[in-house]
Amino acid sequence: MTDDMTTSAGAAGAAGAAGAAGVAGAAGVAGAAGVAPSKPAVQIAPSLLSADFTNLARDILMIEQGHPEWLHVDVMDGHFVPNLTIGPPVVRAIKQVSSTPLDVHLMISNVAEQLDWYIDAGADLITFHIECASDYQGIEPAQPLTSATAFEITRPELIFSIIERLHQARCLAGLVINPLTPVELALPFLGSLDLVLVMSVHPGFGGQSFIESALDKLSLLAEIKRAQNLDYIIEVDGGINTQTARLAVAHGVELLVAGNAIFAQPDPLAAMAEIRAAAEAAAAELTANDDSH
Ligand code: DX5
Ligand code: ZN
């Protein structure tokens, strides 16, 4: 992270990060020079979960030739989700070879206890799950939820304190909502957040199919953002390809995570460019529809 980026990410929140990351920014988000883009732009975060872990540096440098706005890093603890991936030393190593802001997705139960590890490792944006502040905190001892109404947020103060710690550390703060979690549970936190991440697969593994119920959540988040003039970025993660990218953008998404549809393809750079083109086409349609109203 450069000093400039640290400053703008912390001082100006999501708008600062979008500008500092050298992207046109999401709808209504001004760039570094304070100039609002004329139309919504969609940001892309290739998920390194689908990269070749024996050649991580090679894959990072390769995909950076396509100028993604973020690199998405999936941290799993084998407790919050039934998989174990990478931890702070690997995030630090990724930071050393990459020149792209790191979007670090924490799929862990003990967020408060481990947050500093990932801040110190160089995360520019940290997303953590809202479910961590409920009685459901992972696959053990609880079982995965089977119903959308099975829990409530019992510790909202935990969420506010994590957001505050991230902002004090000049790191962007994002809240993640699982497929079975009602998006309404996130409403009290929206005004404090830089980003909301809607999971469109059950977290834990790459290569799953897009869960369509995520689309209504995206629409609601976009509507609230507009109505309340908030500036959180709306991100989606899971099962994104050219088709689902179009759908998600049409429902208001501004940042697309894609793993399998990029790194598992014979030409990952071309695959990422195709997803971006599909997303931009959908964003242009959205703008055209808005203008005609
Ligand atoms: C899943 C992870 C995702 C994953 C997405 O738990 O959070 O970031 O890499 O992979 P695809 O794009 O293959 O669904
Ligand atoms: Zn992820």
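**View 1. The whole chain and its surface.** The protein chain shows about 12,200 Å² of accessible surface, and carbon and sulfur atoms own 53% of that (Shrake-Rupley method, 1.4 Å probe; for residues, only the protein chains shown count as cover). This is a predicted model, where local features need pLDDT of at least 70, side-chain atom pairs count only at pLDDT 80 or more, and totals for chains, interfaces and linings use all residues. Residues are numbered from 1 along each chain as its sequence is written, chains are lettered from A and ligands numbered from 1 in the order in which they are written, and side-chain values use heavy atoms, leaving out hydrogens and water.

**View 2. Helices and strands.** Look for nine helices and eight strands in the protein chain (DSSP runs, numbered from the N terminus: helices are H or I with at least four residues, strands are E with at least two).

**View 3. The shell around ligand 1.** There are 20 residues around ligand 1, and Ser47, Gly204, Gly207, Asp237 and Gly259 come nearest (a residue is near if one of its heavy atoms lies within 4 Å). Strands E2 (71–76), E3 (102–107) and E8 (255–258) each bring at least two shell residues, with E2 giving the largest share, three.

**View 4. Oxygen atoms of ligand 1 up close.** An oxygen atom of ligand 1 sits 2.7 Å from a polar backbone atom of glycine 204. For asparagine 260, again a polar backbone atom, the distance to a ligand 1 oxygen is 2.9 Å. The histidine 72 side chain has an N or O atom 3.3 Å from an oxygen of ligand 1. Taken alone, ligand 1 exposes 380 Å², and the protein buries 99% of that.

How values were computed: A polar contact is a pair of N or O atoms within 3.5 Å; within protein, one must be able to donate a hydrogen and the other to accept it, and residues adjacent in sequence count only if both atoms are side-chain atoms.
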